[in-house]
Amino acid sequence: MKLKKQVTVCGAAIFCVAVFSLYLMLDRVQHDPTRHQNGGNFPRSQISVLQNRIEQLEQLLEENHEIISHIKDSVLELTANAEGPPAMLPYYTVNGSWVVPPEPRPSFFSVSPQDCQFALGGRGQKPELQMLTVSEELPFDNVDGGVWRQGFDISYDPHDWDAEDLQVFVVPHSHNDPGWIKTFDKYYTEQTQHILNSMVSKLQEDPRRRFLWAEVSFFAKWWDNINAQKRAAVRRLVGNGQLEIATGGWVMPDEANSHYFALIDQLIEGHQWLERNLGATPRSGWAVDPFGYSSTMPYLLRRANLTSMLIQRVHYAIKKHFAATHSLEFMWRQTWDSDSSTDIFCHMMPFYSYDVPHTCGPDPKICCQFDFKRLPGGRINCPWKVPPRAITEANVAESPRAALLLDQYRKKSRLFRSNVLLVPLGDDFRYDKPQEWDAQFFNYQRLFDFFNSRPNLHVQAQFGTLSDYFDALYKRTGVEPGARPPGFPVLSGDFFSYADREDHYWTGYYTSRPFYKSLDRVLEAHLRGAEVLYSLAAAHARHSGLAGRYPLSDFTLLTEARRTLGLFQHHDAITGTAKEAVVVDYGVRLLRSLVNLKQVIIHAAHYLVLGDKETYHFDPEAPFLQVDDTRLSHDALPERTVIQLDSSPRFVVLFNPLEQERFSMVSLLVNSPRVRVLSEEGQPLAVQISAHWSSATEVVPDVYQVSVPVRLPALGLGVLQLQLGLDGHRTLPSSVRVYLHGRQLSVSRHEAFPLRVIDSGSSDFALSNRYMQVWFSGLTGLLKSIRRVDEEQEQQVDMEFLVYGTRTSKDKSGAYLFLPDGEAKPYVPKEPPVLHVTEGPFFSEVVAYYEHVHQVVRLYNLPGVEGLSLDISSLVDIRDYVNKELALRIHTDIDSQGIFFTDLNGFQVQPRQYLKKLPLQANFYPMPVMAYIQDTHKRLTLHTAQALGVSSLKDGQLEVILDRRLMQDDNRGLGQGLKDNKRTCNRFRLLLERRTVGSEVQDSHSTSYPSLLSHLTSMYLNTPALALPVARTQLPGPGLRSFHPLASSLPCDFHLLNLRTLQAEEDTLPSAEMALILHRKGFDCGLEAKNLGFNCTTSQGKVALGSLFHGLDVVFLQPTSLTLLYPLASPSNSTDVYLEPMEIATFRLRLG
C-alpha cells in the first residue's frame, strides 16, 4: 500500500514537472527581448530569430522529454518492485526468454547541460598545421632529392649570417634500449655501465664537454652499483649543466600501444627517482626512436612542467613538407585547447635517422666523415666509402675539413626559422669505450676552436645539451623558455602512421606479439588496483593505530611492479619488436610482478574487509585470501581458481577497482552444481550455473561456473557466501545447444544441464536481453545484426575472419612492417565450426570453435553498462601459419564516409581518414582502447582490452588485426621474424549507440569524444572485478564486512587514475603521503543516454575531496605538476578542486 502511494506521488510529480517545464519554455519564447511589437510585419531578420526560437523550443522539449523518460524509468522500476516477484529473481516467459526484474532501487542519470558544451568545441583559434589536413593535402610522392634522397637540394648565401652568427650546439648522446637485441641486464653489463662510467671521468676532463641521457631505468641500476664519490661527481655534472637527463622517464616509451596510465606512471617513477637521488628536474623531452608520435605525450610532458621536446621518426614525406615550409619547429597544441595552455615547443629532426651520418646536414656521405668512431682501424666504417680523418692543427684549415662540415651546418640551418642549430652526435649504445669519447670530443673541439677563432665565418660552435639548444633559441627569438617564438606555427594532431622509406609503413607493430600486449594491460589493471587498495589500507591502519601490524613492506613489491610496467612501455617491448630471448625476459618480469601485485591486493583486502580490525593478523605463510587465477608460466593463459565447497560455507571477497559503484556479473568456478550463493547479509541470491567446457565437445569434470549479478561499492570490497545445497528457485541452470554441422563428434553431457545436440541445420538464430536482440549466422556462429528492442529496423553488424599474406618480393612483413600481398582473403576453415549456444537468466552466449580461433559473443541480461554492449573474446592460435596475419572485420550499413576514429593511449580520440592515395597498410592505426565509425544516426564502437592495429578500409567497416606470424626479418635491425606466437585471448566490447535528435555530427571537427556510456564500457572491460576466495573454510560470517571507501560518489566524468603511495626519504619505505591523480574525461552528450545502472551525475568539474573518503579526513592537500616535482599552489584549507574537461591533475595528499 505504502509503495502504491509512492508511485502515485511520483506520477503526479512527473505531470507537474512536465507542465511547469512547458510553461517556462513558452514564457521564455513570449518574453523574448529581441522581438519588437510591430504588429506582425516580420522583417527577414525577425523570421530567422523566430526560426532560432522554434529550434530552441524543440531542443528544450527534447531535454524535457529525456528528463521525464528518466523519471518514468525510475517509477517503472518502483512499480515493478512493488508488485512483481522478489528482487532479481528471474522468471521464464511463455515465449521462451528469461526476464530479470528490475533492481529494488532505481538509479538515475543526470548530466548538466554546461557539461555537454565542451564536446561541441569550436572555442579556440584553428592551428596553422592540422595533421589531418596536412595528410589530406600532401601528395606523398617519393621523388629523389639528390644527396638528401627524401628531401631536396638546399642552397644558401654565405652572407645569410652576416647580421647574426649561426650558433651551433653539438649534443653528444647515447641511445640505450632497455632490451632489444639483448636483455636489459645483458645490455647493462656489456655496454651501458661502461658508457656511464666513462661519462663521469671524461666529462670531468674538460668543462666544455656535454652529454645527454634519457633512460632512467639504466641510470638507476648503475647508481645502485657506484660509490659515494662517483655519485657526488654525477651530482656536480648535473648541477653545472654538463650532464642533462632529458625527458626523465623510466624508459623512452612507445607512443602507439602504451596506455596513458602506464605512460604517466613511468614518468612519475623516473622523475621521483631523479629528484630523490640527483636533485634533477627534467626540462626537455627527447624521443629519437619511437616509431611515430602521439599527441598525448606533449600533453603529459607539458603538465609535468617540461617546456620543450624533440621527435625524430616521422613519415619522410611529412618531414620534407615541414622542411620546405620551415615548420620543423612548432608549438604542439591539443585539439581541444582553447587558450594554448597545452602548448609545448617541439623540434622535429629533418633527416632519415638519429645516427651521425643523418644529423649534421643533408648529405650523409659527408656527415659520416665526422663520426670519429668510424676512423680507419675501428670496427665500423662509412657505407659511403669515404672514411673520417682525424682533425689536427695542420689539416683543419688546409684541407677543406672545417669548410665541409660548416657547409652541412649551414644547409641544415636553412630548414629552420632561427639561427640556432641543433646537431645531435650519437647513436645506439655509443660512447661505450674511452677511445670513442676521446675521438669525438678532441676532434670536434679542434673544429670548434677553428670556427670560433674566425669571426668572418659567422659561426659559433660548441658542445651542448638539448636544453642548452632550446635556451639559446628562446633567447635569440626574444621569448621566455617554452613560449611561442614570433612567427612559429601551431600544430595539432599526431604523427601516425610512420614510414621511413618507400611504402614501408611501420603498422605491423601495432599488433606484433599480442599475448604480451594483453599481459601488459592485465598488469596495469592490477597495479592500479593494488596502489589504491594499499594506499587505503595503510591510511586506515595508521588511522586506527595498527600500522605496526600491517605489511607496509609490500611497498617494495609495488615499486618493483611500477618499474616492470614502466620497463615494458619501452619502444621495443610493448611493441613486440625484440629478440625472442628478450621477450621471454620481459614476460618473466611481467609475471613475477603480477604475482606480487596479487599478494599486495590480498593483504590489503584482508585488512579492509575485517569487521573488527583488532583481529587482523598478517601471516605470509598462510594467506587469508586466495588469488582469483594463476598462470603456470609467463606465456600461459590464466587458469581460474576452483572453489572447493564442503559442509562449511565458503566466503569470497570481491574487489571493484572502479571509482564508480558497479553492477556486474561475477563468475566463479566451483566443484559442485549444487550451490547456493548468499549476500553479505545472508540473503539468498539468484545465480546462473553452467558447465565448464575444455573444448567444443568436452566438459571439465567436477568444475562448474556459477554466475551471480552483484552490486559493488566504488573502489570497494563486497562479500559473498557460498554453500553446498540446492535452491531450485535461485540456482538456475543454463541450457546449451550444440550445432555439429554434420561432423561426427560425441558431446559430453551432464544431468544438471539441459543439452540439445543438433547434428545438421544452419538456420540463423537470435539471443536477446532487455535492450537488444542479436542475430547470428547458423552456419558460421558469427554476429550478423543487432536490433534494439525499441526499433523495428535491424542494424547490420556482420563479422568475418580474414587472412592477410605478405609480399613475394624482397621486402616482406616482419615485427615492425606490415607489407601485405594485397587485400585480405576470407578465412576458410578446413571444417565448419562447432557452435555452442548457451542461454540462461543472466547471460547468453555463442561460442564458435574454429581451428585457429574460438570466438565467444556474450550478452548480459542485466540493467546498465553490462547489458548495453556485447562482450566478445577471441582465443587465437596461429602457430601453424606461415607468413599470415589473422584479422576480424565488422561490416555495417553505417555511412562513415571514409572517416573513422581511434584512440591515442586511451586518453583522447583522433579522427582518421581513409586515404586512397596511400597503400592499404598506411591506413592502419594503433588502437589501445577503442575505435569507432559513425554517421548522423548511429555510432559503433569496438572497445579493446589490448592494443591492436585497426583500420576502416571501406565505408561501414572496422577491422582489427588479431595476430601475425611472419617467418623473416624486415630489415630494421631485429634480425628475426615473429615465430614465437602464443595462444592469445583478445577481449572486446561492441557498443552500438543511437544519436539523439538534433545532435548531428559536426563535420569540420578535429576532435571527437566517446559518450559517458562508452567511457564506462571501456572501464568495465579493462578493469574487471577480482574475486578472492577466503582461504580458511572455518570463518564466522559476521567477521567480514563490505568496505565502502568513498563517502560520496565521484562525478561520472571523473576517473581516479591513481592513488599512489609516495616513497619516504628512506629508500624502500612508504611515506604517509600519496599522489592522487584525477582525470576529467571529455564526453559527447549527443549519443542517447541510457540508465547506466548506477547514479551517474556530473558537476561542472567540481569535486569536494574533503568529504570523499569514508572514515578518513584530508589532512594535507596540495596541487602539483603531473609528476609532483613542482607545487602549483601552496597547501590550502580548501579541499574543493576543479578540473577542466580532458585535464589530468595531480595532488599531494595525506589522509588521517
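Cys360 and Cys367 are both buried. In this predicted model, the two residues form a disulfide, with their sulfur atoms 2.0 Å apart. The torsion about the S-S bond of Cys360 and Cys367 is about -90 degrees, so this disulfide is left-handed.

That bond is one part of a wider set. The structure holds four disulfides. A disulfide is a covalent bond between the sulfur atoms of two cysteines. Number the bonded cysteines of the protein chain in sequence order, and the pairing reads 1-7, 2-3, 4-5, 6-8.

Take the bond between Cys116 and Cys1085 next. Their sulfur atoms lie 2.1 Å apart. This pair links distant parts of the chain, 969 residues apart. Cys116 sits in helix H3, residues 114-120. Cys1085 sits in the loop between strand S48 (1070-1080) and strand S49 (1096-1097). The torsion about the S-S bond of Cys116 and Cys1085 is about -85 degrees, so the disulfide is left-handed. How buried or exposed is each end? Cys116 has a relative accessible area of 18%. The cut-off for buried is under 20%, so Cys116 counts as buried. Cys1085 has a relative accessible area of 26% and is partly exposed.

Cys1052 and Cys1096 form another disulfide, their sulfur atoms 1.9 Å apart. Cys1052 lies in the loop between strand S46 (1026-1029) and strand S47 (1054-1063), and Cys1096 lies in strand S49, so the pair ties together parts that are 44 residues apart in sequence. What is the handedness of this bond? The torsion about the S-S bond of Cys1052 and Cys1096 is about 70 degrees, so the disulfide is right-handed. Both ends are buried: Cys1052 has a relative accessible area of 7%, and Cys1096 has one of 0%.

Cys346 is buried, with a relative accessible area of 0%. Cys985 is partly exposed, at 23%.

Five strands form an open sheet in the order S21-S20-S24-S18-S46, with antiparallel pairing. Which strands are at the edges? They are strand S21 (684-685) and S46, and each pairs on one side only. S46 pairs with S18 in the antiparallel sense over four bridges. Within that sheet, Val653 has Leu1028 in S46 as its bridge partner.

The loop between strand S18 (650-655) and strand S19 (662-670) carries Glu659. Glu659 forms a salt bridge with Arg528, the closest N and O atoms being 3.3 Å apart. Arg528 is in helix H16, residues 514-543. This pair links distant parts of the chain, 131 residues apart. Glu659 and Arg528 are both buried.

How many salt bridges does a search of the whole structure find? It finds 64. Side chains of opposite charge can pair when their charged atoms come close. Arg313 lies in the loop between strand S9 (308-311) and helix H10 (316-324), and Asp289 lies in the loop between strand S8 (284-287) and helix H9 (296-303), so the pair ties together parts that are 24 residues apart in sequence. Both Arg313 and Asp289 are buried.

Lys202 forms a salt bridge with Glu205, and here the closest N and O atoms are 3.4 Å apart. Lys202 counts as buried, at 10% relative accessibility. Glu205 counts as partly exposed, at 46%.

Salt bridges can also link up into a network. Asp371, Lys373, Arg374, Arg430, Asp432, Lys433 and Glu436 are linked in this way.

Last comes a helix pair. Two packed helices are described by the angle between their axes and the distance between the axes. The axes of helix H6 (residues 216-223) and helix H7 (residues 228-239) come within 11 Å and cross at roughly 145 degrees. Which residues meet there? Phe219, Trp222 and Trp223 in H6 meet Lys230, Arg231, Val234 and Arg235 in H7. By class, this contact of H6 with H7 has four nonpolar and three charged residues, and no polar ones.

Key:
Residues are numbered from 1 along each chain as its sequence is written. This is a predicted model: local features need pLDDT of at least 70, side-chain atom pairs count only at pLDDT 80 or more; totals for chains, interfaces and linings use all residues. Side-chain values use heavy atoms; hydrogens and water are left out. A disulfide is a pair of cysteine sulfur atoms within 2.5 Å. Helices (H or I, at least four residues) and strands (E, at least two) are DSSP runs, numbered from the N terminus. Buried means under 20% relative accessible area, exposed over 50%, partly exposed in between (1.4 Å probe, protein chains only). Axes are lines fitted to C-alpha atoms, for helices over the stretch in contact, and angles run from 0 to 180 degrees between N-to-C directions. Contact means heavy atoms within 4.5 Å. Ala, Val, Leu, Ile, Met, Phe, Trp, Tyr, Cys and Pro count as nonpolar, Asp, Glu, Lys and Arg as charged, and the others, Gly among them, as polar. A salt bridge is a side-chain nitrogen of Lys or Arg within 4 Å of a carboxyl oxygen of Asp or Glu. Two strands pair if DSSP finds at least two bridges between them.
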